[in-house]
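Grab a pencil and get ready to read a protein model piece by piece. Try each task yourself before peeking at the solution.

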Amino acid sequence: MLTLAWGYTWTVAKQGLVYAPPFAFAAERVVGGALALFLVLKLMGRSLKLVAAGPTLAIGLAQVSGFMIFQTWALVEGGAGKTAVLIYTMPIWTLLLGWPILGERVRGKQWIAAASTLSGLVLIIEPWAMHASLFSEFLGLMGALFWAIGTILIKRLRSQTPVDLLNLTAWQMLFGALPLVVLALLAPERPTEWNLSFIGILAFMATVSTALCWLLWIYILDRVPAWEASLSVLGVPVVAILSSRLILGEEFRSAEVAGIVLVGGGLVLLSLLSWAASRRHPAAPRAG
């Protein structure tokens, strides 16, 4: 669900940018997502109380503010090209950070899955064929780094404090929205063109791409190692490419096809290894 929704989001986001400037669009979707999550909390009768304020603020600033700002900035500087896809180098940063901070290591055949998915990502991005500025590429990499930092912070928080996942997602979204709103107000951008088409796009982006998908992401992080969850989202650029090529009738490039096969094969192997491990060592159910 997460891969399909986030992958298709790239196509919807391109449509939304016709009506709204980049930073305003980012702020609008995150604010909408936060409101949707708090509404769900209220309707479900679950606590709205903020737990672990400091760590939640740090998660929101890293995973929402930092990630969205640098991703949007990369789009502005480098266009809607491959510079934005550089944010999916996030698994590399997560692997590097997760080992010393969380003690999570890739072992045995898991390295084959990791090497396959990351090699596929390189073929999809084609860094040797990039014509964007080094600055836009740097922005994409910074977006990846902030996403990885947020991922590590979530894992560390959940290992130390019993925080409700829906509550955590709502509050980190709210904290992350605040810098985005300030930036949208200060950035010299054209005004948003409000109409029924844009409202429909924004509703999807806020409720599905932002609120639901970030909840699914935190749910997944709560149940598998950070590096494994990070590799799993490499299916997102694959879905993004497939949907854009099929909808727009564009031709596939040979490097893209090879990259898609490698990413898909790596994710299948990763899933099989995780399934086999769960059969050998069934995990106890977790609360939240």
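This is a predicted model: local features need pLDDT of at least 70, side-chain atom pairs count only at pLDDT 80 or more; totals for chains, interfaces and linings use all residues.

Residues are numbered from 1 along each chain as its sequence is written, and side-chain values use heavy atoms, with hydrogens and water left out.

**Exercise 1. The whole chain**

Task: Work out how many helices and strands the chain has, and what share of its residues is buried.

Solution: 
- Start with the helices and strands, which are DSSP runs numbered from the N terminus (H or I, at least four residues, for a helix; E, at least two, for a strand). The chain has 12 helices and zero strands.
- Next comes burial. Buried means under 20% relative accessible area, exposed means over 50%, and partly exposed is in between (1.4 Å probe, protein chains only). With that cut-off, 49% of the 288 residues are buried.
- Now look at contacts, meaning heavy atoms within 4.5 Å. Take the contacts between residues at least 6 apart in sequence: 90% of them join residues at least 24 apart.

**Exercise 2. Helices α2 and α8**

Task: Find how α2 and α8 are oriented towards each other, and which classes of residue make their contact.

Solution: 
- Two packed helices are described by the angle between their axes and the distance between the axes. Axes are lines fitted to C-alpha atoms, for helices over the stretch in contact, and angles run from 0 to 180 degrees between N-to-C directions.
- Helix α2 covers residues 22-43, and α8 covers 165-186. Their axes cross at roughly 155 degrees and come within 8 Å.
- That makes α2 roughly antiparallel to α8. The cut-offs are under 35 degrees for roughly parallel, over 145 for roughly antiparallel, 65 to 115 for roughly perpendicular, and oblique for the rest.
- Then check the handedness: α2 passes α8 in a left-handed crossing. Left-handed means the near helix is turned anticlockwise from the far one by less than a right angle, and right-handed means clockwise.
- Residues of α2 in this contact include Phe 23, Val 30 and Leu 41, and those of α8 include Leu 166, Trp 171 and Ala 184.
- Sorted by class, the contact has 21 nonpolar, three polar and no charged residues. Here Ala, Val, Leu, Ile, Met, Phe, Trp, Tyr, Cys and Pro count as nonpolar, Asp, Glu, Lys and Arg as charged, and the others, Gly among them, as polar.

**Exercise 3. Two partners of α9**

Task: Describe how α9 packs with α2 and with α7.

Solution: 
- Take α2 to begin with. Its axis is 8 Å from that of α9, at an angle of about 60 degrees, so the two are oblique to each other. Their crossing is right-handed.
- Among the residues that meet here are Phe 25, Arg 29 and Ala 36 in α2, and Phe 198, Met 205 and Ser 209 in α9. The classes are 10 nonpolar, five polar and two charged.
- Move on to α7 (residues 134-160), which packs with α9 at about 55 degrees, with the axes 10 Å apart. This pair is therefore oblique too, and the crossing is right-handed.
- On the α7 side you'll find Trp 147, Thr 151, Ile 154 and Lys 155; on the α9 side, Trp 214, Trp 217, Ile 218 and Leu 221. That gives six nonpolar, one polar and one charged residues.

**Exercise 4. Thr 9 and Pro 191**

Task: Decide whether Thr 9 is buried or exposed, then do likewise for Pro 191.

Solution: 
- Thr 9 belongs to helix α1 (residues 2-16). At 6% relative accessibility, Thr 9 is buried.
- Not counting residues up to four places away, Thr 9 touches Arg 29, Phe 204, Met 205 and Ser 209.
- Pro 191 is in the loop between α8 and α9 (196-221). With a relative accessible area of 69%, Pro 191 is exposed.
- Leaving out neighbours within four places in sequence, Pro 191 contacts Tyr 19 and Pro 21.
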